[in-house]
Amino acid sequence: MMDSEQYNMGDIDIAWCPGCGDFGILKVLKEALAELDIAPQNLVIVSGIGQAAKIPHYLKCNFFNGLHGRALPAATAIKTANPALTVIAESGDGDMYGEGGNHFIHTIRRNPNIANFVHNNMVYGLTKGQASPTSQKGFVTPVQVAGVILEPFNPLAVAIALDASFVARAFIGDKEQTKELMKKAIVHKGYALLDIFQPCVSFNKINTNKWFKENTYYIDEKHDPANRNAAFKLACESVKLPLGVFYINKSKKPFEECITAYESYDQPLYKRQPDKIKLQELINSF
Amino acid sequence: MNATDQNDFSIVLCGQAGQGIQTVETLLMKIFKASGLNIFATKEYMSRVRGGLNSTQIRVSSEPVRAFVNRTDLLVALDKGAIEHLSKRIGDKTVILIDEKSVPDKADKLVKIPLSELANQAGGKIYANSVAVGIITGLFDIDQQLIEKQLSSFFSKKDEDVVNKNTIALKSGYEFGKSLVESNKIEIPALKSSDLSGDIVINGAQAVSIGAIACGCNFISAYPMSPSTGVLVFLSKNSKEFGIVAEQAEDEIAAINMAIGAWYAGARAMVTTSGGGFALMTEGVSLAGMLETPIVVHLAQRPGPATGLPTRTEQADLELALYAGHGEFPRIIFAPGTLRQAFELTAAAFNLADKYQIPVIILTDQYLIDSNYNIPRLNIEDIKIERFITESKADYERYEPTKDGISPRAIPGFGKGLVAVDSDEHNTEGHITEDLDLRVKMVDKRLAKLKAIKNEVVAGELWPGDKYKNLVVCWGSTYPIVKEALTFLSRDDTAMLHLAQVYPLHEDIKQLLQKAEKVTIIESNATGQLAKLIKLSTGFEIENKILKYSGLSFSVEEVTDALGNWLKEKE
């Protein structure tokens, strides 16, 4: 096991508000990576835009901090170009479920071997307090002045409906469980969604640390994650929100193992050269 | 001009979508080329899968031909609507072959052919295409053994029965075609054949695709969109053979973000799209500019705005390509005019994108993409793959300052360092910054690359030479059309200046323009987009513009007439 210290950046200026759930997520992420012996050189964190999306700036790793909502296509391509890398796509609920909603759906269908960590605080932090796709009905903001009227997006139910290969939810109020779920998601072969509840201390006065504690519970150990119907039922619960592993489909092969580009060649793309003899033959055939 | 004293002969096939004109076109191209005749083929088609009217022109010639002509020597009407559809291209000398079963009411000067009868005799309606191929090859008295060889290789994957029935259909058509000539119903010029065994016949989509693979492209992500899809199809078909990741993305936004991610991890990636798709990609183009991650974009133009004319041609996205993406960053835009240029410049795009860590855009259009002709075999030894990936040291900084603005580019997992890239303004390590002095340095660093880029701009091509009073400027796919028009006009005081790189412009262009007494520009758009760019870059204003934006390409005759009139002015 590595020391999680090796991910530390030293004395840096962190843009998050004091008390933000992101600090806890950053801490357990480093621990999870250390416990899995993933060297920073072999890790790529891909993020979009938002407060959560700043996370790769705060630990030692390779990173691709791209456009708002577009982490998943970039992460898919990075993993596909070099399958030896550990790739984590990590951002907030607005980035992954709102701006990037189409990519969320199709990345699940594509099933690349990446982990997708979504910091879910049910509000927009960076743009100062507007509703996010996961904001609950009635949530009042400077824009949704009469309260949110849209149905909240249910990422877990959507993921299970699309037969995602790994679906789980954590609450950063429980660091130990969050870490364990992160490790499971990273180790899982295929697309792994981990939705992480976190409080936003500046803009969400409803879904606070206390609220999450009171409105969540741990999934019973008897739940069989291979049971898709049971998992879907859990995902649709709304009075109290379940935490833990909802669903795992172990029968799926990751995207990179299914594509023809790796059938005859196994090197990562950066080591490849076109087969000149074959190409000249192809040209001559026209 | 009489068909019999020409060097070349223009055949047009016209029928409904789904009737198999494409098959006839492909087979005829192979047969004519194998028999030593030069060919050019291009098509115009409606945006529908069945019905409507589509046509293909095949020019057969003693000399190499590369351009669309309005003249139709022989029209093979597979549908009675063909005559009206092509009325502007039918002249006094046009011979029209039409199935005796579908002769329209107002029919004069038609040569009836037993198309459906011979097809039914061979086994059914679907063999009409082979009958048509037979008739046309019979007219040209092409060696029967050669035809059979091409036919069996064309249908090599079909079962024996299908091959036999097609052979029967073709033979009966062939005999009929021969009889048309023998009974003097049709005159066919005596075309000289030559040894073309060293030539290949490809279209624009194939030229772009082969150029990409030859220069190490191993990742393509795209969303299907006419007329750009051929490149995605070609690379997908060859994905296993050449180890290329070819992925149909959920939208163009995903496509370009995937391709940029792939380059970041060491792949050589491209996207292929048309105007509407490229509009969706523009934020990604800007991302590539900020991350200094290479990206190659194939942008096959079609008429806009919005959905426009999906299967037609235009050169109206130069300004889109030029200004796509917010913020300021360097880029390169190519506009190949020939198949060979499409091959070479696509290959060059990968090396230049890699070298300068910028977007390189290859602007083609439906006309170039769908045009076929024979060219000397492309040799991949002509293409040199230049890679610019560095192995990182432990203290690696992605945006290390350098004199020319180009920081050595490492990739994750290769070396001891970390590779950090950020769409926010960033410091030398790739971390987000709001240090405004640093911001200025970073903008200057990115733009500094333009200086070196300008040192290797593809020069404009002057044809036939550099002695001229009148200069005709053009870019992209109109190259062979303008060249043939000038050949026809045969004026020793007039030259063509073709630009295959439209941004940045070569620094000699201003001088070449100033040297001329008269300048005109030919563009397939309504506002003269290159003329505007030339004015912006050089201050030189080209007042006379020959523009077309109907959705069809210029024909040689149109350009000949337009240039003829322009040359007469003030003379």
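**Close-up 1. B:Ala259 and its neighbours in the predicted model.** Leaving out residues up to four places away in sequence, B:Ala259 touches A:Ala77 from chain A, along with B:Phe219, B:Ser221, B:Ala269, B:Met270, B:Val271 and B:Ile295. Touching here means contact, with C-beta atoms, placed from the backbone, within 7 Å. This is a predicted model, so local features need pLDDT of at least 70 and side-chain atom pairs pLDDT 80 or more, while totals for chains, interfaces and linings use all residues. Residues are numbered from 1 along each chain as its sequence is written, with chains lettered from A and ligands numbered from 1 in the order written.

**Close-up 2. The largest nonpolar core.** This one has 255 residues, and B:Ala259 is among those with the most contacts inside it, as are A:Ile78, A:Val167, A:Leu194, B:Leu75 and B:Ala262. A core joins buried Ala, Val, Leu, Ile, Met, Phe, Trp, Tyr and Cys residues through C-beta atoms within 7 Å; buried means 20 or more other C-beta atoms within 10 Å of a residue's own.

**Close-up 3. The side of chain B that touches chain A.** Chain B brings 54 residues to the contact and chain A brings 49. Helix 10 of chain B gives the largest share of the chain B side, nine residues; helices are DSSP runs of H or I with at least four residues, and strands are E runs of at least two.

**Close-up 4. Strands across the two chains.** Strand 2 of chain A (residues 62–65) pairs with strand 17 of chain B in the parallel sense, over three bridges; pairing takes at least two DSSP bridges. Look for A:Asn65, whose bridge partner in strand 17 is B:Asp422.

How values were computed: Two residues are in contact if their C-beta atoms, placed from the backbone, lie within 7 Å. A residue is buried if 20 or more other C-beta atoms lie within 10 Å of its own, exposed if 12 or fewer, and partly exposed in between; C-beta atoms are placed from the backbone.
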